[in-house]
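User: I'd like to learn how to read side-chain surroundings and helix packing in a model. Could you take me through it with an example?

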Amino acid sequence: MPEISLEQKYEMAKGKIMDLWGQIGALSKAIQKKYGSEGLELIANVMGDWGTATAKAVKPMIQGDNAKAVGSFMLSSLNAIGLECKVLELTDDKVHFTVGSCPISADNRKLCDALMHLDRNMIEGLSPKVKFSYPKSIAYGDPYCEVIIESSK
């Protein structure tokens, strides 16, 4: 049997991760459709818990607690699964970037907001000194998602 290179293994894993995000999106849409606002609350709680747990698990790997340290981690995570991020600002106090596609394919504002509890809880769990926002979203009808991680005032 031919040996698979590390790069090939990475590409295979990246594809599987994107498939998994797509399935999370499909499941979330089905929950929203069947259970409405109660389903969205459930999604928000589960995703928020996932974000909190992720922050606890990766916090020892983050070098620093400012916006740049936390935002750089998020950027590298998104890039690792194949999402193209366009960095607009990268300073100690602010990380501002766009993402041109949604791996979950959220198609409405309420669902996007529920799913984004993962990102918010993860980022704010990595540092109490930063806040997370996403003023634009493909699910809102924007052409891209916009993410801002900045120092709390």
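User: Which residues does Gln32 touch, not counting residues up to four places away in sequence?

Analyst: Keep in mind that this is a predicted model. Gln32 touches Leu40, Ile43, Asn108, Lys110 and Leu111, once residues up to four places away in sequence are set aside. Gln32 itself is found in helix α1.

User: Is Gln32 buried or exposed?

Analyst: Buried means under 20% relative accessible area. Gln32 has 16% relative accessibility, so it counts as buried.

User: And what is Ile43 in contact with?

Analyst: Leaving aside neighbours within four places in sequence, Ile43 is in contact with Ser28, Ile31, Gln32, Leu111, Ala114 and Leu115.

User: Where does the nonpolar core come in?

Analyst: The general idea is that in soluble globular proteins, nonpolar side chains tend to be buried together. Here the largest nonpolar core has 41 residues, and Ile43 is among those with the most contacts inside it, as are Phe97 and Ile149. Helix α1 gives the most to this core, with nine residues.

User: How are α1 and α4 oriented to each other, roughly parallel or roughly antiparallel?

Analyst: Angles under 35 degrees count as roughly parallel. Helix α1 (residues 6–58) and helix α4 (residues 117–126) pack at about 15 degrees, with their axes 6 Å apart, and the two are therefore roughly parallel. The contact includes Trp21, Met47 and Trp50 of α1, and Leu118, Met122 and Leu126 of α4. By type, the residues of this contact divide into nine nonpolar, seven polar and one charged.

Conventions:
Residues numbered from 1 in each chain as written. Predicted model: local features only at pLDDT ≥ 70, side-chain atom pairs only at ≥ 80, totals over all residues. Heavy atoms only, no water. Axes fitted to C-alpha atoms, helices over the stretch in contact; angles between N-to-C directions. Helix = DSSP H or I, 4+ residues; strand = E, 2+ residues; numbered from the N terminus. Parallel < 35°, antiparallel > 145°, perpendicular 65-115°, else oblique. Contact = heavy atoms within 4.5 Å. Nonpolar A, V, L, I, M, F, W, Y, C, P; charged D, E, K, R; others polar. Core = buried A, V, L, I, M, F, W, Y, C linked by side-chain atoms within 4.5 Å. Buried < 20%, exposed > 50% of the residue type's maximum accessible area, 1.4 Å probe, protein only.
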